[in-house]
Amino acid sequence: KLEAARLKRGYRGDYSIEGRSKLDGNKDEISVNFIFSFIETVRPTILPGTPRAFVKSENGESEINETTYQAVINHFIRVLGAKKKLKICVVDWFYGHCALLTDWEYDERPKFDENGEPVWQINEETGEPETDEDGEKLQDYEIIRDRPLLRRIDPWDVVLDCDSKSRDGDTWRAWRDIMTVSEFYKLPGVTREIKKKIRGKSLPPDLLRQPNGDSRGSSEKNWVIVWRIYDVENDMTYLLPDGEAVDFFVEEKQWPWEFEVGDDRFPLSILEAKLDSENPYSFSSFIAYWGQIQERNKLRTIIQSNVRRSAPGWVGQKGMMDEEQKNKFTQSKIGEYVETNKDPKGIIAKPLPQLNPEYFRHDQIVEADLNATSSLAEFRGDDMGDDTATEASLRDAKANIRKGEAKSDFQDFLAVVFGKLGQLCQQHLTLPVAVKIKQPNGPKDYSWLKVHGEHIQGDFS
């Protein structure tokens, strides 16, 4: 996590080890912001616009169902603002791994009969109203809106199965969620006893900022941290409050999802960057050429310092000019007359320091190594000075392979995420949603259709 934080500071131009705030303010530190350049160049090639899902039937379902299923997924991709969340995921991926949660959410309201009387939850076995721990009857609720949830999770809020060296073998995954005390108290499993045990607390500065960049507000004791744990081996999900003295789950329930997207049954989808067989967490490719980045920054600092020392300077006899004359002389305009108290031949220019040309040559070598190791030049389409058409053709082919591999990896990740989103709609979409569907006989003709879960059943990929 500290390593990723150091690399993320590089995006803002801070390549120091401990952070720029701890540097000597009087010391020049020049940085060539390679990480910013790399991300802003490569990211648009991986996610050039709003993604779209394309589906096909796996067992001969009708074309109408296939078209409707695809339209529903693309409707929610647009409505849920998937593009913005996925852009952040691409950046996360550059630093190690990214995580995206697919779940279902409901908006409910208390239910009343036609006379305005409360409708109570009924126990199916006894036929009597359900009651809470105080013996109060529980009012029934009706769903007024339901839809999928697509949420980018901070990679460093995610805990992965440490016994698994790849995500295919995970038996559990967990992530840290932060909510207000009032939100926590509304959770279904929070009893009066739990409310006594769990109190709000202040958040450290690094947790006060939400994943979308907005501030959570006050750091006063108004927050509860919980861990959401997904146990795929036992088909269970748990909610565990954060704290050393906590030895209980707020909620234990059966696995509420039925994902069948490849081997991934988790609601939390993970895309890794560079894999390490000795570590469950992947690492950033920036680490591979961090030394070259640092070396180039040092070279640029040396060159810049020499340029500043090369500013014009003058040597003269004491008393030759007063302060006003000195200012006129050093800042004179073309054709301006400056008087001196003594012979102006006594004023000579300071010799300029000479910088060894090897510094410039070495800077070019480091830049070439950096571009070759990172493939940035290939993504930019730089002219590499090929001697023959064959060399240029081979280089272009290599560049296309690297570009295609990065784009393909992210598209595979999107296929998993959108596949889960579609399956959630099949299972939980009870209220109709209006989607725009292209007519097969007229590509430019569209019609609006109200769709719910029954209309999109089938096996699709």
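Which residues touch the most other members of the largest nonpolar core? Hi everyone, let's start there, and please keep in mind that this is a predicted model. That core has 66 residues, and the ones touching the most other members are Leu 268, Phe 286 and Phe 410. The element that gives the most to this core is H11, with nine residues. There is also a second, separate core of 12 residues, and Leu 187, Ile 198, Val 226 and Phe 248 are among them.

Now, let's stay with helix H11, which spans residues 389-428 and holds Lys 420. Is Lys 420 buried or exposed? Lys 420 counts as buried because its relative accessible area is 0%, and the cut-off for buried is under 20%. Its side chain reaches the backbone oxygen of Phe 266 at 2.4 Å. Setting aside residues up to four places away in sequence, Lys 420 also touches several others, including Thr 102, Asp 264 and Leu 268.

Let's turn to the strands. Strand S5, residues 223-231, is largely enclosed by the rest of the structure, because eight of its nine residues are buried. On one side of the story we have strand S4, residues 172-180, which pairs with S5 in the antiparallel sense over nine bridges. Here Asp 177 has Val 226 in S5 as its bridge partner. S5 also pairs with strand S6, residues 236-241, again antiparallel, over six bridges. In that pairing, Ile 229 is partnered by Tyr 238 of S6. Four residues lie between the strands of the S5 and S6 hairpin, where Asp 235 takes a positive phi near 55°.

Key
Residues numbered from 1 in each chain as written. Predicted model: local features only at pLDDT ≥ 70, side-chain atom pairs only at ≥ 80, totals over all residues. Heavy atoms only, no water. Helix = DSSP H or I, 4+ residues; strand = E, 2+ residues; numbered from the N terminus. Buried < 20%, exposed > 50% of the residue type's maximum accessible area, 1.4 Å probe, protein only. Polar contact = N/O pair within 3.5 Å; in protein donor to acceptor, adjacent residues only side chain to side chain. Contact = heavy atoms within 4.5 Å. Core = buried A, V, L, I, M, F, W, Y, C linked by side-chain atoms within 4.5 Å. Pairing = 2+ DSSP bridges.
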